[in-house]
Structure formats: structure tokens, C-alpha cells
Amino acid sequence: MSTNHAIALASREDNASYWDTTITKHGNKYWRRLQEPSLARLLGPSLSSKPGGGRGGNKKALDLATGNGLCARWLARHGAHSVLATDGTENMLALARAHCSEDDDDDEPGSTAGVKIGFRKVDVTSAGDLEKLGREEGRFDVVLMNMAVMDVADLEPLARALRGLLADGGVFVATLLHPVFFTSNATRNFNVGYSPVNGEYEVVRSKVITEYMSVLPAVGIALPGQPVKQIYFHRPMHELFATFFKAGLVMDAMEELAFTEEDAEEKIESNSNYTQLPAILAFRMRFPSGTTRV
């Protein structure tokens, strides 16, 4: 394990409780407005979900870097027959277990009733952990990694392991902070003035990107007030995708997710106000039909 990855896991352990309290078991604005709608589009066909959370086939899902189990429960509510929630940290797994053991919430669609949700500690940078996972748990119709790619020091072990983790026709879906507008250390700019069209006060927002192709791991925060800072690992998009392409996967869907005017906040610097610049990148990959895998 690299030093940077060890630091990343340690900060995840230390921040687990605060992130859970702040984001909540139901998710924050990023989840509700960006991530969840995108996952519904990218994973809906694979989960074969029916209205009201019905299940259309014996679908098996793997949730990597589950955090507090938000996506594991979402998968269970939207068509998966069984879900394995994994994380590299004990504190996150404890939170996920606690939330998944609670009764269904009245304000969430679907139901987790009858869905087996298991838990396992897995370091996605460890080829040994991933090989053992595939050997002991078998293959999955869906492998999901929501908002964690930028927290992982090395993606190659995961990319290679997907050959043994994905079932025939299975998909790998990931979301992450947008490499152009976030992990590149982009800065936010504001031009304040009056519109020459209508004379109304207006704020024009932009971002300045001074580096993108090669950005060193950076220390930052996900949420104001979190106990310790974390490390972000930037990858330009061609490098990010090439890691999985080299392992034989192909990409069949990609979305750039941005907030809309409905999400505007009074705080001038809020990322919710950047409606023309995407906050999140989402993509779906699979192995081509007929690919030989062991």
C-alpha cells in the first residue's frame, strides 16, 4: 500500500462519522440532484427495476467504497436481488451496517425487504483483496463505485479485477468529481456588475484552470468542518479511461452532471450556482460481447 493511499484510508476512517452526519443516510444535494438521477439512467436497464421497487431478474450488485451504505440501499431498492457493500475502512462499514439494518423509510421509494445486503472490507488498490473477493463471492451483474474514484491512489488493480468480477453482460458504473472543473485545482471567479441588456444586477461565474494534464495529489476537504483533510488524486480523462480500456473494457455511456437554476443558493461561491460547468462525471463500462474471461 502506498503512503498516499494509507493516508487516504486513514482520513476516510476519521471523517466517517462527520460525513455521515452531514450527508445523512438519505444523501445530500449532490446525491439527490446529480448522482441518483444519473445512476437511475445508467443502471436502470441492468437492474431491470420495476415501478415501486419490483425486481425483474436475479440481479447481483457490488457496491465498492460504499461509505454509509447509501448506494447499497439504493441498489437494493431498485432491482438488485442481492447487494455486497464493501469499503476499505471499518468505520464506514459500521455505518453502512447500521443504516441497512434500520427499517425502511416511508419517504424513500421501493423497498429493501427480501434483499440480502452483505458487507465486506475490501481495499480496491489491493490485487489480493480483489482476487479473493471474486473467488469467494463470484461475479456481479452490476459493479458500482460512487464518488470515490478521486479518493483512490491506484485504479489499475480494480480495472484488472473487473474481468473476474463482472458477469456476462455486467456493467461497471462510476461517478467522480469532474476532473476538469474540480480535481484540477480549478479556482472560482466572479464578475459582479449590471447587465447591459436589462440593467439588472448580475453575477457571472467562471472557473480558471491552470493545470490539468499533470496534477499532483492534493490535500483538500469534501465538506466544511470535517475533522481531517483528505487527499484527492487527479487524473485527466484520457488517463482515467485508459486504465479501464487497457483492461479490455469499453465505455458505452458518459454523463457530465451540472446543477440547474433550481439549485441556486444565495452563497455566491456555491458550486450549485455553476450551472454551465459540470460538477460530476459519470460513466458506464462493460466488456465487449464474446470477450474471453477467466
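Is Phe244 buried or exposed? Phe244 is buried, because its relative accessibility is 0% and the limit for buried is under 20%. The views below come from a predicted model.

**View 1. Phe172 and Phe244 form a tilted ring pair.**
The model holds 8 aromatic pairs. In this one, the ring centres of Phe172 and Phe244 are 5.2 Å apart. Their planes meet at 35°, so the pair counts as tilted. Phe172 is buried, with 0% relative accessibility.

**View 2. Phe241 and Phe245 pair within helix α7.**
Here the ring centres of Phe241 and Phe245 lie 6.2 Å apart. The planes stand at 35°, so this pair is tilted. The two residues are 4 residues apart, about one turn of the helix. Phe241 is buried, at 7% relative accessible area. Phe245 is partly exposed, at 39% relative accessibility.

**View 3. Five Phe residues make one aromatic cluster.**
Phe172, Phe241, Phe244, Phe245 and Phe283 belong to this cluster. Both pairs from the views above are part of it.

**View 4. Lys207 sits over two rings.**
Which ring has the charged end of Lys207 at 3.9 Å from its centre? That ring belongs to Phe182. Lys207 also lies over the face of Tyr274. There, the distance to the ring centre is 5.2 Å.

**View 5. Seven strands build an open sheet.**
Follow the strands across in the order β5-β4-β3-β6-β7-β13-β12. Their pairing is mixed. At the edges are β5 (116-121) and β12 (250-257), and each of them pairs on one side only. From one strand to the next, the twist averages 15°.

**View 6. Strands β4 and β5 run parallel.**
Strands of a sheet pair through backbone hydrogen bonds, in a parallel or an antiparallel way. How many bridges join β4 and β5? There are 6 bridges, in the parallel sense. Strand β4 covers residues 82-87.

**View 7. Leu34 is buried in helix α2.**
Helix α2 spans residues 29-47 and includes Leu34. Leu34 is buried, with 3% relative accessibility. What does Leu34 touch, beyond residues up to four places away in sequence? Its contacts are Lys29, Leu257, Ala258, Phe259, Ala279 and Ile280. Of these, Leu257 falls in the edge strand β12 (250-257). Leu162 is 128 residues from Leu34 along the chain, and their C-alpha atoms are separated by 25 Å.

**View 8. Thr243 reaches a backbone oxygen in helix α7.**
Thr243 lies in helix α7. A polar atom of the Thr243 side chain is 3.1 Å from the backbone oxygen of Glu239. Thr243 is buried, at 13% relative accessibility. Leaving out residues up to four places away in sequence, Thr243 touches Leu155, Glu156 and Ala159.

Technical notes. Residues are numbered from 1 along each chain as its sequence is written. This is a predicted model: local features need pLDDT of at least 70, side-chain atom pairs count only at pLDDT 80 or more; totals for chains, interfaces and linings use all residues. Side-chain values use heavy atoms; hydrogens and water are left out. Rings of Phe, Tyr and Trp (its six-membered ring) pair if their centres lie within 6.5 Å; planes under 30 degrees apart count as stacked, over 60 as edge-to-face and the rest as tilted. Buried means under 20% relative accessible area, exposed over 50%, partly exposed in between (1.4 Å probe, protein chains only). A charge sits over a ring if NZ of Lys or CZ of Arg is within 6 Å of the ring centre and within 35 degrees of the ring normal. Two strands pair if DSSP finds at least two bridges between them. Axes are lines fitted to C-alpha atoms, for helices over the stretch in contact, and angles run from 0 to 180 degrees between N-to-C directions. Contact means heavy atoms within 4.5 Å. A polar contact is a pair of N or O atoms within 3.5 Å; within protein, one must be able to donate a hydrogen and the other to accept it, and residues adjacent in sequence count only if both atoms are side-chain atoms.
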